[in-house]
Amino acid sequence: MKATAIAPANIAFIKYWGKKDEALRLPLNSSISMNLSNAYTTTTAEFSKAFPQDTINVASDTSFTTFTHVLKNSELRIIAHLDRMRKLKGTDMRARVVTKNSFPAGAGIASSASGFAALTVAAAAALDLSVSEKELSILARLGSGSACRSIPDGFVMWEEGNSSETSYAHSLYPPGHWDLRDIVAVVQSKPKEVGSTSGMEAARTSPFLEARLAAIPGRIARVKKALEQKDIHALGNVIEEDCLDMHAVMQSQKPPLNYLTDETREIINAVRRWRSGGLAVCFTIDAGPNVHLICEGKDEQVISKKASEISGVQQIIVNKPARGARIVTEHLF
Ligand code: PMV
């Protein structure tokens, strides 16, 4: 009763910020994302009658172990998720879980997305549950909203739905559809102080939330069309528009939430300069200071080089579109 899964992080082109049902993690709006080839979580889950309790081992960089409040909170969420999976199977067997990220956790690269997607797929296989991709996406969503988008392949749409059964993600295009890149310029690799779960609880206190929600259906249509036509300029326009709108909501919440640092703003300005110089690149930023640079494969080298030359950029992670969560045969223990 042991299985291992790999799941990608994903970068949202249209963001998810705010829920209409906190417990079920039903979002206020649909969102669209791309799975990332080089930012992923590997998780092994084993269930046994012999285990007296659940043990969770997050094999991340040792420098993160000082942030115990972050680890403790994520441990509780993992155990709550194991309880969900056990309930489906009708068992009370305890589990051993070891999980490992290929990137720094909690820094605006969605570690909760890849983490809960990998945990869902590994635990479902270890418990021998027969579940469809849609059911896995729904289960992953209950662990962490954006995790539902890391289950299907490639370019993914999360339909907001109006119930647990209708709120799930599906693939719009396989990874090979368009040779895009997400070049992550990492400016900070320690966990953020306010996580997205608690941060978005206050989304409704922003006077800008309603305006953003009203604009979402039009933006979803524009992203779908840009993906269909592989139009990087059209895609870039709508991605940046929605990213800046989400951060305007965050910054006008009560209490306000600012994830952007001086380094973030420096990269935003650099992207605008590169674009005036003729490079097709845009930026997007999640709940952290790191900047995701979206471009086509042909511009990867030049943009990676330019990004790495900006002072304050500690690391560059180059991602291609990737498959969704999957089972692998090599275990972590
Ligand atoms: O589901 P969470 O808690 O990982 O929320 C993710 C929220 C953003 O990353 C800011 C936006 C998004 O859609 O990924």
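1. Let's start with the loop between H6 and helix H7 (262–276), which is where Pro255 lies. In this predicted model, the peptide bond from Lys254 to Pro255 is cis, with omega near -5 degrees.

2. Phi of Arg25 is near 50 degrees, a positive value in a residue other than glycine. Most residues other than glycine have a negative phi. As for its place, Arg25 is in the loop between strand E2 (19–21) and strand E3 (26–27).

3. Now to the helices. Helix H5 (residues 209–229) packs with helix H6 (residues 232–252) at an angle of about 160 degrees, and their axes are 10 Å apart. Angles over 145 degrees count as roughly antiparallel, so H5 is roughly antiparallel to H6. The crossing of these two helices, H5 and H6, is left-handed.

4. Which residues of H5 and H6 make the contact? On the H5 side they are Leu209, Arg212, Ile216, Arg219, Arg222, Val223 and Ala226. H6 brings Ala234, Leu235, Asn237, Val238, Glu241, Asp242, Asp245, Met246 and Val249. Sorted by class, the contact of H5 with H6 has nine nonpolar, one polar and six charged residues.

5. The other helix pair for your attention is helix H2 (residues 111–126) with helix H3 (residues 133–143). They pack at an angle of about 130 degrees, with axes 9 Å apart. That angle makes H2 oblique to H3. H2 passes H3 in a right-handed crossing.

6. What meets what between H2 and H3? From H2 come Phe116, Ala117, Thr120, Val121 and Ala124, and they meet Leu136, Leu139, Ala140 and Gly143 in H3. By class, the contact of H2 with H3 has seven nonpolar, two polar and no charged residues. For the contact of H5 with H6, the charged count is six.

7. How many residues of each class are in the lining of the second largest pocket? Six are nonpolar, four polar and three charged.

Notes. Residues numbered from 1 in each chain as written. Predicted model: local features only at pLDDT ≥ 70, side-chain atom pairs only at ≥ 80, totals over all residues. Heavy atoms only, no water. Axes fitted to C-alpha atoms, helices over the stretch in contact; angles between N-to-C directions. Helix = DSSP H or I, 4+ residues; strand = E, 2+ residues; numbered from the N terminus. Parallel < 35°, antiparallel > 145°, perpendicular 65-115°, else oblique. Left-handed = near helix turned anticlockwise from the far one by under 90°. Contact = heavy atoms within 4.5 Å. Nonpolar A, V, L, I, M, F, W, Y, C, P; charged D, E, K, R; others polar.
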